[in-house]
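Please examine the sequence and structure shown below. The briefing that follows treats the ligand first, then the confidence of the model and some details of its backbone.

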Amino acid sequence: MLRADVLAMSAYHVPAADGFVKLDAMENPYPLPDALRDAFARRLAAVPLNRYPVPDYAALKAAIRDRFGVPAACGLILGNGSDELISLLSVATARPGAVVLSAWPSFVMYQVSAQLAGSRFVGVPLAPGFGLDRAAMLAAIEREAPALVYLSYPNNPTGACFDDGVIRDILAAAPGLVVIDEAYQPFAPRTWMPALERHPDLLVMRTVSKLGLAGLRLGFMAGAPDWIGQLDKVRPPYNVNVLTEAAALFALEHHAVFDAQAATIRAERAVLADRLARLPGVEVFASDANFLLLRVPQAPAVWQALRDRRVLVKDVGRMHASLHDCLRITVGAPQENATLLAALDEILVQRPGGSPPEGSRPGSDGAHPTTP
Ligand SMILES: *Cc1c(COP(=O)(O)O)cnc(C)c1O
């Protein structure tokens, strides 16, 4: 007998992407450089697959601490992706009547995971322009006394980092844990990692997924050793497999490669945002992440027309009223971004029956060619 709420759910849908320019999942477009592949293969070949992982993951944790500036006084927990860390948080906090709260719209897994664990999820609408609504957040925290508050920083799917002053107010008001999810930190100007020393109920969550290692499934979370120690009891002991462990260690030794890729993506983000904003009717929201949120007239039709041209983006319009006509687009490699812009130029400027605005045809400078 399955739970009624599970029966009523729909599965997390990942569209087939073969042959598409894949700009829907915030993946880094760059593969591991050829020059590193042999060394990488040798490293993985040496891993003893017959053995369980050593569940303290000491070497990997030391490398993460060193690389990502985890304060020495903090505890550290690893997850099979940060998705698993979210599950652990849900399980550990799900007392009867427990509330999990997040600014909203944000990462859907906060809600799905909390509800599956039996907690009540409260999403507090963002202010116009997608910043935190300070008064609404503080009122909801007072009213709901949440066991857990999530802040995605930068926020998925809106793109920007929230205001640090409002976050400080939330930290002061929250009666339980506050998790700042820094999945997009490689593309962001700020981090709360050093602030962990000043905020005993703050946890900072990161992942290597958006950095170019989404296939590895490795997330981590830092915070006060007491909190981390409690969460560690909920963690399956071998949750990070030996291949992920070895591959992540290898990647951290070669972090300069990934740092350079992130820098390229940040530079491309600025170029892409500028070009998109010049398309007729397109509004581009500020982003500190490796994606851009846009509002376009008739977004579902634009999404379909992009799909017809083999460009996959995410239509987030149905996620929340404030996101009506919004598309979320990953910043890709230059050629992918050019393909996207050419397709949008066709769709928005040369739309059959549409009337391109006079004299303002984007692409007429030759910067993004039109494909058949
Ligand atoms: C992508 C994403 C994650 C998931 O990261 P994984 O480590 O791949 O599970 C977590 N939080 C946010 C906000 C994300 O956008």
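**Ligand and backbone in a predicted model**

A backbone N or O atom of Ser82 lies 2.7 Å from an oxygen atom of the ligand; a polar contact is a pair of N or O atoms within 3.5 Å, and within protein one must be able to donate a hydrogen and the other to accept it, while residues adjacent in sequence count only if both atoms are side-chain atoms. The model is predicted: local features need pLDDT of at least 70, side-chain atom pairs count only at pLDDT 80 or more, and totals for chains, interfaces and linings use all residues. Residues are numbered from 1 along each chain as its sequence is written, and side-chain values use heavy atoms, with hydrogens and water left out.

**The ligand**

- In the side chain of Asp181, an N or O atom is 2.6 Å from a nitrogen atom of the ligand.
- Tyr184 places a polar side-chain atom 2.5 Å from an oxygen atom of the ligand.
- The protein buries 93% of the 390 Å² that the ligand exposes when taken alone (Shrake-Rupley method with a 1.4 Å probe).
- Two or more residues of the shell around the ligand come from each of α4 (82-93) and α8 (209-213); helices (H or I, at least four residues) and strands (E, at least two) are DSSP runs, numbered from the N terminus.
- The ligand is surrounded by 14 residues, and the closest are Asp181, Tyr184, Thr207, Ser209 and Lys210 (near: a heavy atom within 4 Å).

**Confidence**

- The protein chain has a mean pLDDT of 93, and 94% of its residues reach 70 or more; pLDDT is the predictor's confidence in each residue, from 0 to 100.
- Over residues 355-372 pLDDT stays under 50, and the model has 27 contacts beyond four places in sequence for them (contact: heavy atoms within 4.5 Å).

**Backbone details**

- Trp104 is joined to Pro105 by a cis peptide bond with omega near 10°, and Pro105 lies in the loop between β3 (99-104) and α5 (108-116).
- From Tyr153 to Pro154 the peptide bond is cis, with omega near 0°; Pro154 lies in the loop between β5 (148-152) and α7 (164-173).
- Ala145, a residue other than glycine, has a positive phi near 45° and lies in the loop between α6 (134-144) and β5.
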